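Colleague: I would like to learn how to read a model like this one. Can we go through it feature by feature?

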Amino acid sequence: MPAAAAPWLLLAVFSGTLISLQARITGELAAGLGGDGFAAAVISFGSGFVVLALGLLVLRKPRRGVGLVLADVRGRRLRWWQVLGGFGGAAFLLAQGLTVGALGVALFTVAIVAGQVTGGLLFDRMGLGPAGPQRPTRRRVVGAVLVLAAVGLSMADKLGGGFPYLMLLLPLVAGVCVSWQQAVNGHVKNAAGSAYAGTFFNFAAGTGALSVIFLVHAVAAGLPSRLPSDPYLYLGGLVGISFITIAVAAVQKLGVLLLGLCTITGQLVGSLALDLLLPHGDTDVTAATVAGVALALAAVALAALSGTRTGRVVASSGGKRPAASEERVKSPGAA
């Protein structure tokens with residue numbers, strides 16, 4: 001890795017810490033809304049969508065990218081479900097709002113990473129991403145198993161005492177959804193020729209899904225009785241835009257494999273730091289939690305160290321405009 005890539009490595013790790021920060025903000029917002037994680041998720045995701053929508057009013061290239069994506073969907077060069085990657089982000093935000101307060105950022109993040117690695121194995125094998133089918137390697141499989149073991153280790157000293165076991169399933173499933181989101185978002189970005197336009201579709205789909213879920217919940221349980229007054233609790237959407245933008249820029253310099261490793265490293269380290277330095281709610285960082293994070297880091301590194309290969313990225317599953325149909329990237333042979 002050339003020295004010029006060092007700043008991008010640091011940015012990629014930083015983007016991972018931003019993901020942990022967003023989890024903390026969304027968890028605290030849910031607590032401030034009387035425990036309404038549904039409202040917290042829609043506020044966090046919706047605020048990001050509003051910012052991006054306003055940006056489209058003044059930015060010409062992203063507007064053109066939105067038009068290209070819609071044209072490709074109409075022409076069946078891009079499948080309609082590939083534009084719905086934001087549903088994965090919606091699942092992630094919803095899991096944040098509903099579970100971070102009880103699980104803590106560190107345990108939540110370990111569970112998310114377990115779902116991401118497992119989903120990555122599955123979707124790479126299916127060829128869901130732009131790079132096409134990728135056969136799982138032995139190291140990747142072992143790494144996935146170790147990450148799942150890390151979740152068990154993290155909660156080893158929490159057994160009994162009314163620990164919310166079922167709640168742990170939410171971030172696990174959300175992690176799988178995030179892997180699906182990353183796979184299909186690659187197709188949208190290639191079709192749009194603009195990272196901004198791809199991010200816009202991500203937030204549009206996620207906001208739509210969360211709005212429907214929130215309305216159904218509101219009919220059944222009512223609206224939050226109050227809104228918290230702390231301004232920082234409404235910055236989750238901006239934080240989300242920030243780490244997605246960094247990831248889109250850094251992947252051109254680092255490749256998918258190294259970017260993913262750096263991002264997950266930032267998530268794990270950042271989440272543990274938040275729970276240790278800025279504890280919130282009923283979270284309790286124990287030696288088992290620290291050991292679980294360390295094991296997850298080792299497992300991610302093992303899963304990523306199987307080398308890379310150059311893959312041809314296809315912007316859609318069908319025919320594609322010659323000018324934007326494909327580009328060479330470093331695709332993960334093992335990440």
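Colleague: Let me start with one side chain. Which residues does Thr199 touch, not counting residues up to four places away in sequence?

Modeller: Keep in mind that this is a predicted model. Thr199 touches Leu52 and Ile244 once residues up to four places away in sequence are set aside. Thr199 itself is found in helix 8.

Colleague: Is Thr199 buried or exposed?

Modeller: Buried means under 20% relative accessible area. Thr199 has 9% relative accessibility, so Thr199 counts as buried. At 11% relative accessibility, Thr207 counts as buried. Thr207 touches Phe45, Gly46 and Phe49, again not counting residues up to four places away in sequence.

Colleague: Let me step back to the whole chain. How many helices and strands does the secondary structure come to?

Modeller: There are 10 helices and two strands. Read along the sequence, the pattern is α-α-α-α-α-α-α-α-α-α-β-β. The chain has 335 residues, and 49% of them count as buried.

Colleague: What share of the contacts comes from residues 24 or more positions apart?

Modeller: Take the contacts with a separation of 6 or more. Residues 24 or more positions apart account for 82% of those.

Colleague: Now helix pairs. How do I read one?

Modeller: Two packed helices are described by the angle between their axes and the distance between the axes. Take helix 1 and helix 4. Their axes come within 7 Å and cross at roughly 55 degrees. Helix 1 and helix 4 are therefore oblique to each other. Helix 1 passes helix 4 in a right-handed crossing.

Colleague: Which residues of helix 1 and helix 4 meet?

Modeller: From helix 1 come Ile19, Gln22, Ala23, Thr26, Gly27 and Ala30. They meet Phe92, Leu93, Gln96, Gly97 and Val100 in helix 4. The residues of this contact divide into six nonpolar, five polar and no charged.

Colleague: At what angle do the axes of helix 4 and helix 5 cross?

Modeller: Helix 4 covers residues 86–103 and helix 5 covers residues 105–126. Their axes come within 8 Å and cross at roughly 140 degrees. That makes helix 4 oblique to helix 5. The label roughly antiparallel needs an angle over 145 degrees. The crossing of helix 4 with helix 5 is right-handed.

Colleague: Which residues meet there, and how do they divide by type?

Modeller: Helix 4 brings Phe92, Ala95, Gln96, Thr99, Val100 and Leu103. Helix 5 brings Val105, Leu107, Phe108 and Ile112. The residues of this contact divide into eight nonpolar, two polar and no charged.

Colleague: What is Leu210 in contact with, leaving aside its neighbours within four places in sequence?

Modeller: Leu210 is in contact with Ala41, Val42, Phe45, Ala90, Leu93 and Leu94, with those neighbours left aside.

Colleague: How far apart are the C-alpha atoms of Ala291 and Ala150?

Modeller: They are separated by 7.8 Å, and the two residues are 141 residues apart along the chain. Ala291 lies in helix 10, residues 287–304. At 31% relative accessibility, Ala291 counts as partly exposed.

Colleague: Where is Leu172 found, and what is it in contact with?

Modeller: Leu172 is found in helix 7. Leu172 is in contact with Ala111, Ala114 and Gly115, leaving aside its neighbours within four places in sequence. The C-alpha atoms of Leu172 and Ile112 are separated by 5.2 Å, at 60 residues apart along the chain. Leu172 is partly exposed, with a relative accessible area of 21%.

Colleague: Last, a backbone angle. What is phi of Arg76 near?

Modeller: Phi of Arg76 is near 60 degrees. That is a positive value in a residue other than glycine. Arg76 sits in the loop between helix 3 and helix 4. With a relative accessible area of 74%, Arg76 is exposed.

How values were computed
Residues numbered from 1 in each chain as written. Predicted model: local features only at pLDDT ≥ 70, side-chain atom pairs only at ≥ 80, totals over all residues. Heavy atoms only, no water. Axes fitted to C-alpha atoms, helices over the stretch in contact; angles between N-to-C directions. Helix = DSSP H or I, 4+ residues; strand = E, 2+ residues; numbered from the N terminus. Parallel < 35°, antiparallel > 145°, perpendicular 65-115°, else oblique. Left-handed = near helix turned anticlockwise from the far one by under 90°. Contact = heavy atoms within 4.5 Å. Nonpolar A, V, L, I, M, F, W, Y, C, P; charged D, E, K, R; others polar. Buried < 20%, exposed > 50% of the residue type's maximum accessible area, 1.4 Å probe, protein only.
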